Amino acid sequence: MTATGKTGSDETAPGSGWCSFDTPIGRCRLGWSAKGLTRLCLPEREPHPATPLPDDAPDFVREALSRLARYFAGEREDFAGIPLDLDGVEPARQQLYATLCRIGWGETETYGSLAAMLGQPGAARAVGRAMGANPIPVIIPCHRILAAGGRMGGFSAPQGLTTKAELLALEGVVPEETRQMGFGF
């Protein structure tokens with residue numbers, strides 16, 4: 001896909017684009033529209049093609065990339081103020097993602113506690129499904145949500161729990177389960 005390629009309903013929307021960037025866990029891709037970030041694709045087994053940042057990329061994309069570089073360098077970082085374009089995402093999921101963004105660096109919650117924060121105790125499975133559809137992981141920090149008892153739970157990004165454990169480790173969080181599995185980070 002080219003730097004101006006975009007998944008979704010309109011691949012040629014003005015102000016939209018893609019770029020790739022390298023991190024210690026592999027090459028990621030970032031997508032945006034004129035309104036805000038639309039996608040963050042975590043590394044796949046086969047690296048995403050190298051796609052440079054277009055010269056006309058919005059300033060918020062440059063700011064997001066700068067913050068992501070610090071995040072992946074292990075620095076405490078949050079993404080408050082970076083605009084997100086969640087057009088097409090149902091309002092209940094948008095509310096979930098907004099709540100999720102309040103869980104800070106190095107903090108974790110469970111699927112059940114996140115459901116309770118939303119006023120929907122007992123909806124842990126629905127929360128998990130919504131997390132699996134998160135279009136902008138890391139910035140919408142779904143990796144910070146664990147299963148009951150502090151277990152890793154699931155992670156729908158490429159390489160699954162390995163990627164989740166790497167992201168948590170960047171923040172100094174090492175769930176007991178990952179220590180038992182022998183992850184070396």
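Accessible areas come from the Shrake-Rupley method with a 1.4 Å probe, and for residues only the protein chains shown count as cover. This is a predicted model, in which local features need pLDDT of at least 70, side-chain atom pairs count only at pLDDT 80 or more, and totals for chains, interfaces and linings use all residues. Numbering starts from 1 along each chain as its sequence is written, and side-chain values use heavy atoms, without hydrogens and water.

**View 1. The whole protein chain.** The protein chain exposes about 9,100 Å². Carbon and sulfur atoms supply 50% of that area. Of the 185 residues, 45% are buried (under 20% relative accessible area, 1.4 Å probe, protein chains only). Six helices and five strands are present (DSSP runs: H or I of at least four residues, E of at least two, numbered from the N terminus). Their order along the sequence is β-β-β-α-α-β-α-α-β-α-α.

**View 2. The hairpin of S2 and S3.** Strand S2 (residues 26-32) and strand S3 (residues 37-41) run antiparallel, joined by four bridges (pairing needs at least two DSSP bridges). Four residues lie between the two strands of this hairpin. Trp32 stands opposite Leu37 in S3.

**View 3. The packing of H2 and H4.** Helix H2 (residues 91-100) packs with helix H4 (residues 124-132) at about 85°, axes 10 Å apart (lines fitted to C-alpha atoms over the stretch in contact; angles from 0 to 180 degrees between N-to-C directions). The two helices are therefore roughly perpendicular (65 to 115 degrees). H2 contributes Arg93, Leu96, Tyr97 and Leu100 to the contact; H4 contributes Val127, Arg129, Ala130 and Met131 (heavy atoms within 4.5 Å).

How values were computed. Angles under 35 degrees count as roughly parallel, over 145 as roughly antiparallel, 65 to 115 as roughly perpendicular and the rest as oblique. Buried means under 20% relative accessible area, exposed over 50%, partly exposed in between (1.4 Å probe, protein chains only).
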